[in-house]
Amino acid sequence: MKTVNIYTDGACRGNPGVGGWGALIEYENHNKEIFGGEKLTTNNQMELMAAIQGLKALSEKCNVNLTTDSKYVMDGINSWIKNWKRNNWKNSQKQNVKNKDLWIQLDKLNEQHDVKWHWVKGHSGHPQNELADQLANKGIDSL
């Protein structure tokens with residue numbers, strides 16, 4: 001099975017506001033850059049969308065190292081989601097989970113691949129994270 005590295009980031013100008021997502025996909029000596037944007041969204045939605053679109057870009061089951069600078073995405077996919085699913089997409093306060101539709105998409109894609117999730121501090125000079133940030137801003141500028 002192929003091993004792929006994906007670096008993702010989301011950005012928002014205003015929260016909510018105009019937003020963008022970006023992902024850098026690395027496989028062997030090949031890099032693919034993808035990005036997109038939405039007119040009215042939130043930063044968390046764009047962080048989720050970056051991971052979703054990065055995983056959607058894969059054409060076959062892969063071992064994936066996915067790096068995000070979003071604690072929201074990391075904590076959600078690694079721990080919160082188990083209880084959300086068990087509690088019919090309700091959080092610990094019995095409220096509907098925010099961004100449920102995006103979490104469901106990410107969960108399905110996460111199950112289609114062998115994903116190892118990694119967190120990096122944003123805007124700390126990590127080259128691939130900085131590029132993912134630039135792609136997310138390119139997504140905003142493309143609107």
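Residues are numbered from 1 along each chain as its sequence is written. Because the model is predicted, local features need pLDDT of at least 70 and side-chain atom pairs count only at pLDDT 80 or more, whereas totals for chains, interfaces and linings use all residues; side-chain values use heavy atoms, with hydrogens and water left out.

The buried residues of α4 are Asn129, Ala132, Asp133, Leu135, Ala136, Gly139 and Ile140, buried being defined as under 20% relative accessible area, exposed as over 50% and partly exposed as in between (1.4 Å probe, protein chains only). These residues cover an arc of only 160 degrees around the axis, which puts them on the same side of α4; the arc is that of the directions from the helix axis to the C-beta atoms. The face turned away from this buried side carries the exposed residues Pro127, Gln134 and Asp141.

Helix α3 (100-112) has 13 residues and reaches 19 Å from its first C-alpha to its last, close to the 18 Å expected. Its buried residues are Leu102, Trp103, Leu106, Asp107, Leu109 and Asn110, and what covers them includes α1 (43-56), α2 and β5. In the loop between α2 (71-86) and α3, Asn99 is buried, with a relative accessible area of 15%; leaving aside neighbours within four places in sequence, Asn99 is in contact with Asn44, Gln45, Leu48 and Tyr72.

The largest pocket holds about 190 Å³ of space. On a 1 Å grid over the protein atoms alone, a pocket is an open set of points where a 1.4 Å probe fits, with protein on both sides within 12 Å along at least five of seven lines, and lining residues have an atom within 4 Å of a point; points are joined across faces, edges and corners, and the volume is the space filled by probe spheres set on them. Of the 13 lining residues, Val4, Ile25, Tyr27, Ala57 and Leu58 lie nearest the centre, and the elements giving two or more residues to the lining are β2 and β3. By class, the lining has six nonpolar, three polar and four charged residues.

Several backbone features fall in loops. The peptide bond from Asn15 to Pro16 is cis, with omega near 15 degrees, and Pro16 lies in the loop between β1 and β2. Asn88, in the loop between α2 and α3, has a positive phi of about 55 degrees although it is not a glycine, and is exposed at a relative accessible area of 59%. His123, in the loop between β5 (114-119) and α4, has a positive phi near 55 degrees and is exposed, with a relative accessible area of 58%.

Note on methods:
Helix = DSSP H or I, 4+ residues; strand = E, 2+ residues; numbered from the N terminus. Nonpolar A, V, L, I, M, F, W, Y, C, P; charged D, E, K, R; others polar. Contact = heavy atoms within 4.5 Å. Expected span 1.5 Å × (residues − 1).
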